[in-house]
Amino acid sequence: LQGRGGGAQTCWRIFRAAYMQAALEVTARYCRKEMEAYGECVASKPSSWQEDCHQLKVGVARCTSSHPIIQRIRQECAGPFAAFEDCLRQNQTTAENCAEHMGHFLQCAENCAEH
């Protein structure tokens, strides 16, 4: 029998997975080179990736925090992203209900990239 903590933990995992999917889509688009290098390092060093790939992980973080388009997305798409987060909180066991909200956020991000 799972207690309440187990259900909350499952809901958190669903929320985090949907949140991460949106963040990764944006990051993969604008920091692809950094993400690919980090991913290749992790895959090639299964027993030591945490240490050996740390600088590449820092490079991904640096790219996502400094890339001008990602900065613009953070500013101009704060509303759609907040709506997506709110939806995920309200639909903790059915994150797929938030596909439309995620779509609005990703469309906003796309519009930022075009301008």
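The following questions and answers go through a predicted model of one chain.

Me: How are residues numbered, and which cut-offs apply to the predicted model?
Reply: Residues are numbered from 1 along each chain as its sequence is written, and side-chain values use heavy atoms, with hydrogens and water left out. In this predicted model, totals for chains, interfaces and linings use all residues, side-chain atom pairs count only at pLDDT 80 or more, and local features need pLDDT of at least 70.

Me: How many helices and strands does the chain have?
Reply: Helices (H or I, at least four residues) and strands (E, at least two) are DSSP runs, numbered from the N terminus. From that end the elements run α-α-α-α-α-α-α. The count is seven helices and zero strands.

Me: What share of the residues in the chain is buried?
Reply: Buried means under 20% relative accessible area, exposed over 50%, and partly exposed in between, with a 1.4 Å probe and protein chains only. The chain has 115 residues, and the buried share of them is 30%.

Me: Is Arg29 buried or partly exposed?
Reply: Arg29 lies in helix α1, residues 4-30. Its relative accessibility is 44%, so Arg29 counts as partly exposed.

Me: How are α4 and α5 oriented to each other?
Reply: Helix α4 (residues 54-66) and helix α5 (residues 68-76) pack with their axes 5 Å apart, at an angle of about 60°. Axes are lines fitted to C-alpha atoms, for helices over the stretch in contact, and angles run from 0 to 180 degrees between N-to-C directions. Angles under 35 degrees count as roughly parallel, over 145 as roughly antiparallel, 65 to 115 as roughly perpendicular and the rest as oblique. The two helices α4 and α5 are therefore oblique.

Me: Which residues of α5 meet α4?
Reply: Contact means heavy atoms within 4.5 Å. On the α4 side are Cys63, Thr64, Ser65 and Ser66, and on the α5 side are Pro68, Ile70, Gln71 and Arg74.

Me: Which residues do ring pairs link into a cluster?
Reply: Rings of Phe, Tyr and Trp (its six-membered ring) pair if their centres lie within 6.5 Å; planes under 30 degrees apart count as stacked, over 60 as edge-to-face and the rest as tilted. The whole structure holds two aromatic pairs. The cluster consists of Phe81, Phe84 and Phe105.

Me: How far apart in space are Ala82 and Phe105?
Reply: Ala82 lies in helix α6, residues 78-90, and counts as partly exposed because its relative accessibility is 31%. Ala82 and Phe105 are 23 residues apart in sequence, and their C-alpha to C-alpha distance is 9.0 Å.
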